[in-house]
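Please open the structure in a viewer and follow the selections below in order. Each stop states what to select and what is found there.

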Amino acid sequence: MELGGRILWAFLSGLGRRGGTRGWPFSSWQPHLPLAGSLNATELVSHWTAIFEKRGIPEAQASSEYIVAHVLGAKTFQSLRPVLGTQPLTPRQLQCVQELSSLRLQRMPVQYILGEWDFQGLCLKMAPPVFIPRPETEELVEWVLEEVARSPCVVGAQGGPLILEVGCGSGAIALSLLSQLPQSRVIAVDKGEAAICLTQENAQSYEDPLALDGGAKGMDIITQILALAPWLLKDSGSIFLEVDPRHPELVGSWLQSRPDLSLDLVAVRRDFCGRPRFLHIRRSGPQRGCLVDAWAGPLPARVPS
């Protein structure tokens, strides 16, 4: 079996990792902080968790833990050296925590606040409006790697599979696959604006809303990709999709209505929350055009805000 690809746009909120701060404007509302030296890291997390909860900020405790850990030079609160959890913060550290927490009060995702995010062992730069890779996306990458391991004969003209990622955003999927499949060739494409945002330091918006909008049923981009697949995939090439849990049934019905495409839905996999999230579609018909071994890329889907 040759890997065709995967199309993905992940859709759950997650939390970010350590990274540099930026010059985004802070909220004019700033809660009172005790005097410098009066709070240690554990107490500061409790302080900001209570504020976040009062303001209805999602994942209040995790948000405060990531921010405090970042200011103290760690990626997670649990990885802090024990002494850092009990000794008072300096005035500058307290100020930095307050500034970053003010951004969170504006509902800026933690990934953008901290500036980077760990994904499959890689540290990726995060800046708005590039789509933030979600934990589910790592499961999709792992599935693709499993399929490659099961089919060692899947090789392209240069010794490895040729993989296409559509809508690469931060490059999380392409970079992960390339780092673990060094003999592969990976082509990652995105619209011009998103690609530019990978290097912009002064972006002011959050995630691109188009990355979450796939039409009324979230199927617009999915069907466009599937309609093109016979002209892009080699024989037995595959498409791996990360979709909204509503989509597996819709995709299966749509493929049954288009037997001319010679595409078969061969597997549906659930994510770690038990929701049907990932699809494996394989090409079974004759070659039609310019071909690739593997297809990887994000798909937008309309999800609740």
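Helices (H or I, at least four residues) and strands (E, at least two) are DSSP runs, numbered from the N terminus. This is a predicted model, in which local features need pLDDT of at least 70 and side-chain atom pairs count only at pLDDT 80 or more, while totals for chains, interfaces and linings use all residues. Residues are numbered from 1 along each chain as its sequence is written, and side-chain values use heavy atoms, with hydrogens and water left out.

Next, display the surface. Its accessible area is about 13,500 Å², and carbon and sulfur atoms contribute 56% of that; the areas come from the Shrake-Rupley method with a 1.4 Å probe, and for residues only the protein chains shown count as cover. Of the 305 residues, 54% are buried (buried means under 20% relative accessible area, exposed over 50%, partly exposed in between). Where contacts (heavy atoms within 4.5 Å) join residues at least 6 apart in sequence, 76% of them link residues at least 24 apart.

Now select residues 135-150, which form helix 6. This helix has 16 residues and reaches 24 Å from its first C-alpha to its last, close to the 22 Å expected at 1.5 Å a residue; the expected span is 1.5 Å times one less than the number of residues. Its buried residues include Trp143, Leu140, Val144 and Glu136.

At the end of this selection, show the side chains of Glu147 and Arg150. They form a salt bridge, with the closest N and O atoms 2.7 Å apart; the term denotes a side-chain nitrogen of Lys or Arg within 4 Å of a carboxyl oxygen of Asp or Glu. The two residues are 3 apart in helix 6, about one helical turn. Arg150 is exposed at 54% relative accessible area, whereas Glu147 is buried at 9%.

By this rule, the count comes to 10 salt bridges. Select Asp118 and Lys75 for another, at 2.9 Å from N to O. Asp118 lies in strand 2 (residues 116-119) and Lys75 in the loop between helix 2 (60-71) and helix 3 (82-86), so the pair ties together parts that are 43 residues apart in sequence. Lys75 is partly exposed, at 29%.

Finally, select Arg258 and Asp260, whose closest N and O atoms are 3.0 Å apart in a salt bridge. Both count as partly exposed, Arg258 at 27% relative accessibility and Asp260 at 40%.

How values were computed:
Buried means under 20% relative accessible area, exposed over 50%, partly exposed in between (1.4 Å probe, protein chains only).
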